[in-house]
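I opened the notebook to work through one model, and I record below what I looked up and in which order.

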Amino acid sequence: MAELTMTRRNLIAGTAAAAGVAVLFNLQGRAGATTAPPGPFKVSYTPAQWRARLSPAAYYVLREEGTERAGTSPLLNEHRVGTFVCAGCALPLFSSTTKFDSGTGWPSFWAPLPKAIGTTTDRSFGMERTAVWCTRCGGHQGHVFDDGPKPTGLRYCINGVALNFVPKA
């Protein structure tokens, strides 16, 4: 009988522990668990207005903090001289001179343009990262990591759908 009670007690304790882990992961591990960028922003629209202005993929990334599938952005192979701008508000974010091939499947840059990018802590998917967003519209761009090339050692890993490219005239 003691064996059965111990087994039942272990089963109940194990179930409770698993439920607690599931709740914790759901709270911290869901997409969109980023600390929201401070607002209000110079460019601001209602969700319906953003949806009308953006493609579904751009809306998902810029407004819902989504991530495009690796290797899908045409901007991966953009090598002309110019500027990468926010797809939400056209703020210049990155110079083509700072773009590099990180091998990750997303456009990567070692530095943003001055005052173009803000950062917040992102605790989604059970890890802590630094999210980057446009300072004009608050649009989610991607993340920054400390494994980039010199001179900064940073890798701004940016969703291509969150950007547009403007070639130098």
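How many salt bridges does the count come to, if a salt bridge is a side-chain nitrogen of Lys or Arg within 4 Å of a carboxyl oxygen of Asp or Glu? I find that the count comes to 5 salt bridges by this rule.

Before going further I note that this is a predicted model, in which local features need pLDDT of at least 70 and side-chain atom pairs count only at pLDDT 80 or more, while totals for chains, interfaces and linings use all residues. Residues are numbered from 1 along each chain as its sequence is written, and side-chain values use heavy atoms, with hydrogens and water left out.

**Salt bridges**

I looked up Glu64 and found its side chain in a salt bridge with that of Arg51, at 3.6 Å from N to O. Glu64 lies in helix α3 and Arg51 in helix α2, so the pair ties together parts that are 13 residues apart in sequence. Helices here are DSSP runs of H or I with at least four residues, strands are runs of E with at least two, and both are numbered from the N terminus.

For exposure I used relative accessible area, with buried under 20%, exposed over 50% and partly exposed in between (1.4 Å probe, protein chains only). Glu64 counts as partly exposed, at 37% relative accessibility.

I then turned to Glu78 and Arg80, whose side chains meet in a salt bridge at 2.7 Å, N to O; Glu78 counts as buried at 12% relative accessibility, whereas Arg80 is partly exposed at 47%. The side chains of Arg123 and Glu128 also meet in a salt bridge, at 3.4 Å, N to O, with Arg123 partly exposed at 41% and Glu128 exposed at 56%.

**Helix α3**

Returning to helix α3, which spans residues 56-64, I noted that Ala58, Tyr59, Val61 and Leu62 are buried. What covers the buried residues of α3 includes α2 (47-53), β1 (82-86) and β7 (140-145), where contact means heavy atoms within 4.5 Å. Glu65 follows α3 and has a positive phi, near 60°.

**The sheet**

Which order do the strands of the open sheet take? I read 6 strands in the order β3-β4-β8-β7-β6-β5, with antiparallel pairing, and I took two strands as paired if DSSP finds at least two bridges between them. The edge strands are β3 (99-100) and β5 (117-122), each of which pairs on one side only.
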